[in-house]
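Please look over the model shown here before reading the briefing that follows.

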There are 4 protein chains.
Amino acid sequence: MSYSITRSAHVELRVTDLDRSREFYVQHLGLIEMHRERDRLYLGALQERDLYSLVLRKAESGGVGHMAMRLSNPDDLPRLADLYEANGLPIRWLEPDEDYAQGRAVRAQDPNGLPVEFFHRIEQREWKLQKFDEYRGAHIMNLDHLNSQVPEVQASYDWWMGKLGFSCSEFTVTDDPPDRLWAAWLHRKQNIHDLSLMTGIGPRLHHVGYWVADTSSVLRACDILAAVGLRDSIERGPGRHGLSNAFFVYLRDPDGNRVELYTGDYMIPDPDFKPIRWSINDPRRQTFWGHIAPRSWFDEAMRLESPLTGELIETRQPVLQDRPEFVI
Amino acid sequence: MSYSITRSAHVELRVTDLDRSREFYVQHLGLIEMHRERDRLYLGALQERDLYSLVLRKAESGGVGHMAMRLSNPDDLPRLADLYEANGLPIRWLEPDEDYAQGRAVRAQDPNGLPVEFFHRIEQREWKLQKFDEYRGAHIMNLDHLNSQVPEVQASYDWWMGKLGFSCSEFTVTDDPPDRLWAAWLHRKQNIHDLSLMTGIGPRLHHVGYWVADTSSVLRACDILAAVGLRDSIERGPGRHGLSNAFFVYLRDPDGNRVELYTGDYMIPDPDFKPIRWSINDPRRQTFWGHIAPRSWFDEAMRLESPLTGELIETRQPVLQDRPEFVI
Amino acid sequence: MSYSITRSAHVELRVTDLDRSREFYVQHLGLIEMHRERDRLYLGALQERDLYSLVLRKAESGGVGHMAMRLSNPDDLPRLADLYEANGLPIRWLEPDEDYAQGRAVRAQDPNGLPVEFFHRIEQREWKLQKFDEYRGAHIMNLDHLNSQVPEVQASYDWWMGKLGFSCSEFTVTDDPPDRLWAAWLHRKQNIHDLSLMTGIGPRLHHVGYWVADTSSVLRACDILAAVGLRDSIERGPGRHGLSNAFFVYLRDPDGNRVELYTGDYMIPDPDFKPIRWSINDPRRQTFWGHIAPRSWFDEAMRLESPLTGELIETRQPVLQDRPEFVI
Amino acid sequence: MSYSITRSAHVELRVTDLDRSREFYVQHLGLIEMHRERDRLYLGALQERDLYSLVLRKAESGGVGHMAMRLSNPDDLPRLADLYEANGLPIRWLEPDEDYAQGRAVRAQDPNGLPVEFFHRIEQREWKLQKFDEYRGAHIMNLDHLNSQVPEVQASYDWWMGKLGFSCSEFTVTDDPPDRLWAAWLHRKQNIHDLSLMTGIGPRLHHVGYWVADTSSVLRACDILAAVGLRDSIERGPGRHGLSNAFFVYLRDPDGNRVELYTGDYMIPDPDFKPIRWSINDPRRQTFWGHIAPRSWFDEAMRLESPLTGELIETRQPVLQDRPEFVI
């Protein structure tokens, strides 16, 4: 039993001021505006063919409207819906075009309440990979991953790995109690992650990861944000992760939504790739160079809307510690 | 019916002087020596876990001993052997350790006579991804692809796509006669190619493609080779391909074997990715910036050994033109 | 006796279509428009404080209106004029603001007829070094040098070195006859050149050299030009010069005027730096990696206007060969 | 009255274990060993022609033996000695070869007691600029500057600017009391600094600045040090300075001596360059992206040996605050 999930595909972020957010994502970071509605902006990246990967939606506060993964086989949509329902998990069907330019879709919550949308069809566009004259800002290539905080990582891990056929590239365990699963990097496409699960107050989305082509793009994003007076939007990094080997920076948009710019990870063509194990208290895990992440990076994340009610989902405290011991 | 081929995995190159070739690949380009026998050297790259991806074998002339792809499911080995045999194509079984540190394997020839080995098990090693102190030369990350010349691209295309389940990322057609398949970039792993097929005298291996992490690595390889007096080993580039978007340089080793250093391509997570079509005479195809490839790049390639006899396989003239019209 | 010449400062290029040239220099290469007149555009680079370094002037054909160097001491203007006149060389004084936003100036021709303007005062502006949000195109930092072709390099060399106090960083000699000065790289600021002299039909300006901060900027310029259909404007490179160690690309603007993007040279803080000697036929000299420059690079250069008449200066054949033997 | 000081040229660091320090500077950072004595190692960088720019000397503790600047005119040696003496400042003459491979020299202390050696002649060697096969580690190009802490910046500023003919590129003033000179970046060669003066306990050497060619070299240094278990040697950064625009990282060697790897500054060809003014409490000054330097960066620096006695010079408390208000 397997499902044709191919990748994380798009995220809808709640923003309180569309113009200000447009400035952040389009003018400074260089995402491309593909479509505009009264209360929504649809943005895409250079290497994408889907019409959009980021939706900015006018709302009362920051947070996440929904986040979506693509299926290559449309017949897997009802099969997935059945699977969630058979396990007593909530789902909601979306009609074609209920999300802009998109076919039928299902939104469903995993055992931690983490909501993900699945869809097959979305309007395609020409990519901009060789429109080098249109490269701006951080030269963002594509949406790479969704990183979440959930109270019980093991429960979501079992669901996504055991039921949905994800693979694990790297994972983190606690020291005390020993060897409890603290975080896991799961993927369907052949790199480190489409979805990561970290222990924390949740369900929340910790960050949206966008892939850039080189370290210069990460540095240029910092230079640009500082130049326009937004140095406070640089929350953590630039630096190199031990886990994933990625060179990264974490940014906070004007509503506090967190975006990672990310490069230098690796491909995993072999399904029998042996996952890499890290201890939560290994300082190289989070930053290979030893820099300690700020408290805000652990404390703050994005609330998620319920697929059923549209209300922000209530969060729960994690069952394990929510940060390494050296983070104070 | 499908087979668990995951990627191109290694190549055995014939070299006339092991020490001289070791200098080229290890000292200048930075591959890592993993094992040495009297007449063979086994080299690996930084991001690989297989014990080796390049074998240098002492021989009377340059060329290719064999080239190999990995299967993740060992049961697919006999299934593949049956498929080749059922289609009247030659195969030979290899016993475990007949190739160093490798399990049972099959070598087989496709309809153009192109020989490829399939194996499942090879000794694993720790990768060097985060051993940054051991990075040398071009900082080569992993074997990426095998690029071949064959007399009839369509026949091999039908075999690898139709029978072995490869996908096509980009392809090239002729203008006259119109729309005949001139070249195709085929992949199992989720980037542009594991195997490409180009029209030419063949079957021959045109080049081995190694992936590097950034454009600087390509430039540094040129600087190093020129510094040690080997500027003649730089055959073509550096430049950007239109097809694949890769930033590349083609090098000739001391026996004329051709290696590409390659970066800046893209991932293909969706199996329904619409392949990109190019005309053979579009100058941006070969070099986006308009540079014209030298004649040698079309004329010269590596002869291949027969899996059955070990003799160099006889080559045939191509049925279509073997180069764009603007290459003279 | 010495003069306070500090650097090459600006160039006025003749262009036949201001809008088309603006597209090339501003939109594609990223120079910044500082001022516009009916028949002139004034452009600057990111790290400059002078109001402009490039003037585009509407004219009947490509070529150079004038090229200018800065003096830090205004009293040296009349001293320089006297020197030229005392040596029977033509000069013309310019009134303040005869060149836009500039003080008094002198235009004078050296023994080969090469015309250079000297000025002290030009309007200053804020630089854009840390306006990272305004970086566009090739991220051009500053005008670096003027490279000329003259019939008798030795005569100009004696003038600029012996009379005007320039230093030589690197030079090239012929093999046959042996050791005749074929080219020289002369500087006042502490890097390789402000003015180079190469043997050729002249006096002509061979190219204007702009400095960029890294190799990526050179590659990005090529990508952008190719993306907008101007790949024919890439004349030579990218590559690395042996002489100067610079990573370069030579571009031709829509009127054939030649611009070099240039990075990776070195500083010369010591006035007793021993100049580096090259043979004209050393292939590493022109391109360290062995690539041979196209004929056009030797044959074609920009005609210069006479400071006295404004007419294009008649050119003469060089007294030595005008290219290496391996360029055919 | 002026002196032909051309640049900061070399530094002698005190180290407690030559082998361990050799590993840090040669094996990890990639400096080149040029000469070895029983208790001293002489190291050079790729773009240098002086035989060495760093001396490691076996001693009881970290710190600085001496630091030296070059004069292009040997006649300025006695003139400089006279100047110091006429102002009641201590000097000591060194005989030829008292420093290895060096001519006669003078060591002298400025009004803050800051000791600097002046010399004219040192043995020259071939540079390694185009020996790309010998590039290792951080690809360090040349010694760029010496950054000091002194109790009264104004006194040293007056000496180096007023008496020795240095220029100022950028400077920092206090807010309270207003406009007191807190730090100054002084140069003879045409970039930002040869010598900087910062308010602090002193005289001490705060760091030795080495120039690298690109941001990748800075990142690679971090990767290498972390890979060999020395992540604690990364004290601050990588990041971008507002002041100087440099991309930097500060490293601590095994004895706590501080080295900066530094790139992305700018040239100053005009002697009338208007220095850039910063307020001490402008957070962009120290790190353009807003990162706050650690306390250690302000508290700790290298003690200096007296030119007269060889003992470590007593330090004094600064007359102004020694750090921005936001550093806690």
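How many residues of chain C are in contact with chain A, and with how many residues of chain A? Taking contact as heavy atoms within 4.5 Å, 11 residues of chain C touch 11 residues of chain A. This is a predicted model, in which local features need pLDDT of at least 70 and side-chain atom pairs count only at pLDDT 80 or more, while totals for chains, interfaces and linings use all residues. Residues are numbered from 1 along each chain as its sequence is written, and side-chain values use heavy atoms, with hydrogens and water left out.

**Interface of chain C and chain A**
- About 880 Å² is buried between chain C and chain A, 69% of it on carbon and sulfur atoms, where buried area is the accessible area (1.4 Å probe) that two parts lose on being put together, summed over both.
- On the side of chain C that touches chain A, the residues comprise four nonpolar, two polar and five charged.

**Symmetry of chain A and chain B**
- Chain A is superposed on chain B by a rotation of 180° with 0.0 Å of shift along its axis (RMSD 0.0 Å), using least squares on the C-alpha atoms of residues with pLDDT of at least 70 in both; that is the relation of a two-fold axis.
- Among the residues of chain A, A:Gln190 comes closest to the rotation axis, at 3.2 Å (C-alpha).

- B:Cys222 is in no disulfide, and the nearest cysteine sulfur, that of C:Cys222, is 14 Å away.

Conventions
Chains lettered and ligands numbered in written order. Nonpolar A, V, L, I, M, F, W, Y, C, P; charged D, E, K, R; others polar. Disulfide = S-S within 2.5 Å.
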